[in-house]
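Take a look at the model below before reading on. The walk-through starts with the overall fold and then turns to single residues.

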Amino acid sequence: MPTEAAMTTAAGQGDDLALLGLLQLVSPALPIGAFAFSQGLESAFELGWVADEASLGDWLEGVLDDGLMRCELPALARLQSAWAAGDVEAVAEWDQWLAANRETAELAAEDARLGASLTRLLGSLELLPASTARGASALPTGAGYVTVFAWTAHVRGVPVRQALLGFAWAWLENQLAVACKALPLGHTAAQRLVERLRPALVSAVDEALGMHDDDLGPVLPGLALGSALHETQYSRLFRS
């Protein structure tokens, strides 16, 4: 019978492995091509809606409060819980719900392509979910990025709250990387925005975890309009 010390050590190692798994999942080095997408931010630059550090911070806070907090984050929590319960029907329903909330062709393509890339990577790592009792894949056909992210966090043993924080952090880091490439924004300014927005990420996760299903859904008409205009933008660095 293992000693208490051995059990404590094993639990600690499990927590450490979960943390490292989350860091791997949200790393910019993860080869899924997230760097190629701006989620409408490049269009906001072109339209003059975002032009400097202050306006970028305001834009990001708005997208976080009216977008991620009401859509991706609560859906991620529900998806991870569904994966943990083996409820493939709920997984499919939330994956479809997320797809229905992509308001432009570019945003829909981004979610699908990142989901497909992460699925291929998990296949290479032998981390895809097992088939159902009927022989079908537990992962919905063409599963979006949030759905596959939720599975990866689950199989890595990442607690739901930490998975949401990691997802929000990866979003913020990618948006700031976009700004550093497309705006005259230095890396020090980007770090000032990290300091400004870190508390907002925590608050957004708190709010997302307390939301009821009927409260969900993004409220981002400006981002949707900008994203639609980006589809025909003459000069661009990013795919969305």
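Predicted model: local features only at pLDDT ≥ 70, side-chain atom pairs only at ≥ 80, totals over all residues.

The secondary structure comes to 10 helices and 0 strands. Read along the sequence, the pattern is α-α-α-α-α-α-α-α-α-α.

Start with the overall dimensions. Along the principal axes, the C-alpha atoms fill a box of roughly 65 × 40 × 35 Å. The radius of gyration is 18 Å, which agrees with the value near 18 Å for a compact globule of 240 residues. Of the 240 residues, 47% count as buried. Contacts also span the sequence. Among contacts with a separation of 6 or more, 82% join residues 24 or more positions apart.

Now the surface and the charges. The accessible surface comes to about 12000 Å². Carbon and sulfur atoms account for 56% of that area. The protein has 14 positive and 29 negative side chains. The centres of these two sets lie 5 Å apart.

The largest nonpolar core has 76 residues. Leu56, Leu73 and Leu118 have the most contacts inside this core.

Beyond the residues up to four places away in sequence, Leu56 touches Leu41, Val50, Leu176, Ala179, Leu185 and Leu193.

Val63 sits in helix α3, which covers residues 53–66. Is Val63 buried or exposed? Its relative accessibility is 6%, so Val63 counts as buried; the cut-off for buried is under 20%. Leaving aside neighbours within four places in sequence, Val63 is in contact with Leu68, Trp171, Leu220 and Leu223. Gly222 is 159 residues from Val63 along the chain, yet their C-alpha atoms are separated by 9.7 Å.

With 16% relative accessibility, Asn174 counts as buried. What does Asn174 contact, neighbours within four places in sequence aside? The partners are Ala34, Phe35 and Phe37.

His230 belongs to helix α10, residues 221–230. At 0% relative accessibility, His230 counts as buried. Its contacts, not counting residues up to four places away in sequence, fall in several parts of the chain. They are Glu42, Ser43, Glu106, Arg236, Phe238, Arg239 and Ser240.

Tyr234 lies in the segment after α10. Here the accessibility is of another kind: Tyr234 is exposed, with a relative accessible area of 83%. In sequence, Tyr234 and Glu46 are 188 residues apart. In space, their C-alpha atoms are 10.0 Å apart.

The loop between α9 (187–209) and α10 holds Asp213. Arg78 and Trp94 are in contact with Asp213, once neighbours within four places in sequence are left aside. Asn101 is 112 residues from Asp213 in sequence, and the C-alpha to C-alpha distance is 14 Å.

Finally, consider the backbone. Most residues other than glycine have a negative phi. Two sites here have positive values. Phi of Gln39 is near 55°, although Gln39 is not glycine. Where is Gln39? Gln39 lies in the loop between α1 (4–26) and α2 (41–46). With 26% relative accessibility, Gln39 counts as partly exposed.

Glu126 also has a positive phi, near 60°, in a residue other than glycine. Glu126 is found in the loop between α6 (105–124) and α7 (145–155). With a relative accessible area of 73%, Glu126 is exposed.

How values were computed: Residues numbered from 1 in each chain as written. Heavy atoms only, no water. Core = buried A, V, L, I, M, F, W, Y, C linked by side-chain atoms within 4.5 Å. Buried < 20%, exposed > 50% of the residue type's maximum accessible area, 1.4 Å probe, protein only. Contact = heavy atoms within 4.5 Å. Helix = DSSP H or I, 4+ residues; strand = E, 2+ residues; numbered from the N terminus. Rg over C-alpha atoms; globule rule 2.2 N^0.38 Å. Areas by Shrake-Rupley, 256 points an atom, 1.4 Å probe, with all protein chains shown as cover. Lys, Arg positive; Asp, Glu negative; His and termini not counted. Charge placed at Lys NZ, Arg CZ, Asp CG, Glu CD.
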